[in-house]
Amino acid sequence: MWDPNASIQEKQKMEQYMKEKILETFNLFAQDKKGYVDKKEIPYIMRFLGKFPSEAQVSKTILPQIEEDEPSESIKYQKFEPFMIQVLKSNEYDPDDTDTLLAAFRQLDEEKKGYIEIDTLKQKLTTMGIQFRPLEIEDFIRFATNGDPNATVIYYEDYILRLQFSIEKHMESVTKQYNPEK
């Protein structure tokens, strides 16, 4: 969406659109719409906006940049917005490519079966890295199994293809509302 070669006027329009999307997303997670969120919500907000930082990046780089002088459990929108605009402009924290995802799943699939057992993956998603919430796990499993309620495994190559398509569609829907003619 960000075009560094655009005119100054076009860049201003793009930035205004980014601000609208960031505020809209931030407010989905905001406590009583008072302009702040719990800092543990930051990776979820970023994921919704199509950015996927690692746990280490969130704790060591991102949070220190957007916390107030006196760290607390909350992050104010006024601190988050300029940070997120810069992230969106720089394409930082983009999703991993399919080769990287495939390599990660293959590390989990020690027997090279082409699938991962759902129970094993659930355990890892709830105990390692930025832990998934129960609803996120349910949604992930439903998506990864293509909605099969009886599935016991995830065929990760199929999942990666669906995920890639889904991310492209999500980002298309986020950016399709942008009208450079406004």
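Reader: How much space lies in the largest pocket?

Author: Happy to start there, and do keep in mind that this is a predicted model. Rolling a probe the size of a water molecule over the atoms shows where empty space is left. For the largest pocket, that space comes to about 1,600 Å³.

Reader: Which residues are the closest to the centre of that pocket?

Author: The lining of the largest pocket is made up of 37 residues. By class, they divide into 22 nonpolar, seven polar and eight charged. The closest to the centre are Arg47, Phe52, Phe132, Tyr159 and Leu163.

Reader: Which helices each supply at least two residues of the lining?

Author: Good one to trace on the structure. Several helices qualify, among them H6 (118-127) and H7 (134-144). The others are H2 (42-48), H3 (55-66), H5 (98-108) and H8 (156-176).

Reader: At what angle do H6 and H7 pack?

Author: Two packed helices are described by the angle between their axes and the distance between the axes. In this pair, Ile118, Leu121, Lys122, Leu125 and Thr126 of H6 meet Ile137, Phe140 and Ile141 of H7. By class, that contact has six nonpolar, one polar and one charged residues. The crossing is right-handed, the axes are 11 Å apart, and the angle is about 145 degrees.

Reader: How far apart are the end C-alpha atoms of residues 96-131?

Author: UniProt, in an unreviewed entry, places the feature "domain: EF-hand" at this stretch and at residues 17-52. Over residues 96-131 the chain is 58% helix and 8% strand. The end C-alpha atoms of this stretch are separated by 18 Å.

Definitions and conventions: Residues numbered from 1 in each chain as written. Predicted model: local features only at pLDDT ≥ 70, side-chain atom pairs only at ≥ 80, totals over all residues. Heavy atoms only, no water. 1 Å grid on protein atoms, 1.4 Å probe; cavity = no way out; pocket = protein on both sides within 12 Å on 5 of 7 lines; lining within 4 Å. Points joined across faces, edges and corners; volume = space filled by probe spheres on them. Helix = DSSP H or I, 4+ residues; strand = E, 2+ residues; numbered from the N terminus. Nonpolar A, V, L, I, M, F, W, Y, C, P; charged D, E, K, R; others polar. Axes fitted to C-alpha atoms, helices over the stretch in contact; angles between N-to-C directions. Left-handed = near helix turned anticlockwise from the far one by under 90°. Contact = heavy atoms within 4.5 Å. UniProt positions renumbered as here; feature names shortened; annotations may be inferred.
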